[in-house]
Amino acid sequence: MTETMFGKAKVKAVGDLMRADENVVIIGGAGFGGLLHSKYVKPLFDEFDSRILRTPIAELGFCGMAVGAAIAGLYPIVTIGTGSFAFEAWPQIVNEAPNIFYMSDGKVKVPVMFQALGGIRISGAAQHSARPQAMLMQAAGLQIIAPSRASDVGPLLKAARESERPTFWIDHALLFEEQETGTPVKPPPLGKAAIVRPGKDVTIVGYSIDLIRCVKAAVELAQQGIDAEVIDLRTLSPLDADTICESVGKTGRLVVADECYPAASVASEVASIFTGKGFGLLKKPVQRLNFAAVPVPLSPPLEMHLIPRVDKIVAAAKGLMG
Amino acid sequence: MLPVMSRDQCLEAFRKMLLIRRFEEACIDAAAKQQVHGHYHVYIGQEATGVGVMSVLDKGDFVHSTHRNHGHLLARGADPDRALAEIFGRATGYSGGKAGTLHGCAPDLNFPLSSGIVAGILPISTGTAYALKYRKLPNVSVVFFGDGAMEEGAAYEALNLAALWKLPVIFVCENNTAEVERKPGGAQYHAPNMSIVELTDIARIMGMNTGIVDGLDMGAVWTAARDARERAIRGEGATFLEVRTHTWPGGQYPTLVTGRTDIRHTWNGEVPAEFSKHEKWFRRNDPVLSIARELLTLGMAKQAEIEKLDAEVTRAINEAVKFANESPFPPVEEALTHVWPH
Ligand SMILES: Cc1ncc(C[n+]2csc(CCOP(=O)(O)OP(=O)(O)O)c2C)c(N)n1
Ligand SMILES: [Mg+2]
């Protein structure tokens, strides 16, 4: 049976990697979901109890340890917990892991996967709501995957593992119970974006939780007679410019939804494609929906005001029509 | 033991401990009604620590805290109305609803923003201490943190800096897992996963003054903090105190598993049948009941006075709940304010 709930599919995907190779281990104590989801994660942790290193609160130490373990023949999947805690391990994630293969002239591989539940999780406030992915895109040599659909998480994890690259899996706190409906699209190879809904009027690009919002927006737009094409980036490093260009070549219009801050973000990187490779394809300016450049406020109305909500995506797409 | 303090001081400390207890019980009730935003951590069981330490501080001292900061904030003298409003995400809160439960903050009380990052606050506390020393002020910085912070590298760097430069810091490590067997490693979420057994050993080998204090004994905390403060002011540098408390049985999933504290339990000694599983808590591990019993035994307060004080505190907290609930959420434009000072 194929899983349609994202969280269940990711637990299965991790389990599949572990079943396939006994050198795949889990390092970290935080798991793959919040407390509410521990019932889904527990069977995995029970099955592989002896291959899970439950760590002290020592992100810097255990992420570095994973780098070393990867060098010495293991494939560690490191559960960092909340995305903001990745900052505690920053030196190992951005300044050690991604440099080693290149600086050893391609001789020392670091096959490791860091996983964290990033994103605006609702009332996490500024210190528990980080979206570290845009900053991580500045770490050359680090692969970043961001699955958002149940049918895609398994193939992406498997491809990342086979790539033997140090990989950051930016997961999202709100994705766990998302249900995939309809016939899943065939997963393209690692590094390629997926067209999850074909359309001709406007291209809407997202990833992770924002992709879910983009799909919902497309459904609403369809009811209003606007045929949106939705693209799931899937990987942020590398970023697939070709698929986006092909789509915009058709639609001439682009909306990008991205929870990161506006400057040097995933959305700005996507938009920058149209100052180069995609130059001349746009009929209208790019609409970028980011979280405003302020620390994430706790109070629910303030936070809700700032996230790239479905209605904002719908409005941005409509604004491009006519 | 209380006698180091005057009767008034003792009663004030007791009042604050009760205030914290009633405040936290109100938070738990409010959370059940979805009025508390985000996950939160209560200070039940640790009241004697915050209140004991805070009782010896001066207005000019700095106080730093963590995710478990409600008790520290109130012990420092914060307004329960504004503190609760902040936890409810309201415009009238100390941070206008922007920070919430993990980030208690009362700058007018020299209580800058609490950090929700385990051990994140320790280096900052060495910085305020350095500034105090540099500015030749007769003050100290106090930093509260959990036993879990000792698992993070940042804690070690901060301790080293404080020891190296004899900074006026009081490190208050609140070990709220005193009941966990003291053995290396292999503990649980709320207990340290350490290779060492005694947390104070770490600071001791760095040359710091250290102490292990019973967190049920407000007087003992008071004395240890007073001595630490005096040493720091004399230029003798930092002190590391491990204050040991017993995990409140409801600590992991904050529900009122021990019920709303019935202050009459101080003297009637009966453990309500429904909570018999937690008998130890009622008989000896609850610091609020402990200090109340001490006050009775020493003749510092009578049953009626204790009940009266509790009624006053309860009324104040009920009003805080009302205040917080009646306060508006901030207008959405506020989301964009205070990013920069100018
Ligand atoms: C860097 C970091 N890692 C993980 C967490 C998640 N977390 C919040 S509280 C906590 C346990 C802290 O234990 P302790 O320091 O003993 O404090 P207590 O909650 O017992 O008061 C953890 C792991 C965090 N806030 N920050
Ligand atoms: Mg603790």
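Predicted model: local features only at pLDDT ≥ 70, side-chain atom pairs only at ≥ 80, totals over all residues.
## Where chains A and B meet, and what sits there

On the side of chain B that touches chain A, the residues split into 12 nonpolar, 12 polar and 5 charged. In head-count terms, 25 residues of chain A are in contact with 29 residues of chain B.

What about salt bridges between chain B and chain A: how many are there? The count is 0. Polar contacts do turn up, though: 7 residue pairs between the two chains make them, counting pairs with both residues at pLDDT 80 or more.

Now for the ligand. Ligand 1 lies between chains A and B. There are 18 residues around ligand 1, and the ones that come nearest are Glu59(A), His67(B), Arg68(B), Gly148(B) and Asn176(B). Sorted by class, that shell holds 6 nonpolar, 7 polar and 5 charged residues.

| Residue | Ligand 1 atom | Distance |
|---|---|---|
| Glu59(A) | nitrogen | 2.6 Å |
| Arg68(B) | oxygen | 2.6 Å |
| Asp147(B) | oxygen | 2.9 Å |

How much of ligand 1 does the protein bury? Taken alone, ligand 1 exposes 580 Å², and the protein buries 93% of that.

Technical notes. Residues numbered from 1 in each chain as written. Chains lettered and ligands numbered in written order. Heavy atoms only, no water. Near = heavy atom within 4 Å. Polar contact = N/O pair within 3.5 Å; in protein donor to acceptor, adjacent residues only side chain to side chain. Areas by Shrake-Rupley, 256 points an atom, 1.4 Å probe, with all protein chains shown as cover. Nonpolar A, V, L, I, M, F, W, Y, C, P; charged D, E, K, R; others polar. Contact = heavy atoms within 4.5 Å. Salt bridge = Lys/Arg side-chain N within 4 Å of Asp/Glu carboxyl O.
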